[in-house]
Amino acid sequence: MMEDHGGDTAATTGDNGGGNMKIKVTFGSSNFDVFTSPQSTFGDLKREIAKATGVDPKAQTVLFRGKESDDHESLQMPGVKDNAKVILIENTPTKNEDLEKVEEIKENIEVEISRGLEAVNRVREENNQFAQQVVSLETMVCCGTQIQDKDFVYLTEMLMRQLLKLDGIDAEGDGRMQRKLEVRRVQGLVEKLDNLRAKNSNLTSNIQDESSLSSSLKVNQEGEVSKL
């Protein structure tokens, strides 16, 4: 953008030699001069204005006597002469095609969020079944029932696969948040399985110790118990 020259202080580009005419430009609160040939078009004028302001010619609306002319139209056609005054307006991206692009981007984002959330929900439904199996194992261990170690290994492997599924889901917005929560949930189930596996191992050791102690005892004919 052009530097602020303050109030009505004029900034100039080029010179007024060689038959060039001076055009006074008002841009917001700033005023400046540009020089161009009398045979120039409004497109040529916009390019000179761009040198002074940095505003792309395509983003410029130049008004002379309140009217806009086509870029290919000669300055002489509407009567632009030396020391003529024009008003510059910088266009903003409010065109229909720009708004359509913005809406299209928003729709694409919403679709991606929806797809990610649906993928997380599918994995969550699978995890619900695994969570029930963990609860069943927990109930049996707490009741003193001995569980085969392979049952813990299998369920742990299945939960680790669920973590890989969640890691492969490309989710945004709420989908990303739900994926993060589900990852924590699965990690919690794996940790619980590790604890149950340790308890089950201790339970097995206790049973073996009791069996060993029973085999080392002998009840004599008088009903007395003595060690072998």
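Asn83 lies in the loop between E4 and strand E5, the latter spanning 84-90. The model is predicted. Phi of Asn83 is near 70 degrees, a positive value in a residue other than glycine. Most residues other than glycine have a negative phi. The class runs between the 20% limit for buried and the 50% limit for exposed.

Arg65 is found in the loop between E3 and strand E4 (67-68). Arg65 is not a glycine, yet it has a positive phi of about 60 degrees. Arg65 counts as exposed because its relative accessibility is 65%.

Next comes strand E3 itself. This strand covers residues 60-64, and Thr61 has its place there. Is Thr61 buried or exposed? Thr61 has 13% relative accessibility, so it counts as buried. The cut-off for buried is under 20% relative accessible area. Which residue does the side chain of Thr61 contact? The partner is Asn91: a polar contact of 2.6 Å joins the two side chains.

Last, turn to the helix H2, residues 96-142. Glu104 is found in this helix. Glu104 also belongs to a patch of negative charge on the surface.

Conventions. Residues numbered from 1 in each chain as written. Predicted model: local features only at pLDDT ≥ 70, side-chain atom pairs only at ≥ 80, totals over all residues. Heavy atoms only, no water. Patch = residues over 30% accessible without salt bridge, like charges linked within 9 Å, V, L, I, M, F, W, Y side chains within 5 Å. Areas by Shrake-Rupley, 256 points an atom, 1.4 Å probe, with all protein chains shown as cover. Salt bridge = Lys/Arg side-chain N within 4 Å of Asp/Glu carboxyl O. Lys, Arg positive; Asp, Glu negative; His and termini not counted. Charge placed at Lys NZ, Arg CZ, Asp CG, Glu CD. Helix = DSSP H or I, 4+ residues; strand = E, 2+ residues; numbered from the N terminus. Buried < 20%, exposed > 50% of the residue type's maximum accessible area, 1.4 Å probe, protein only. Polar contact = N/O pair within 3.5 Å; in protein donor to acceptor, adjacent residues only side chain to side chain.
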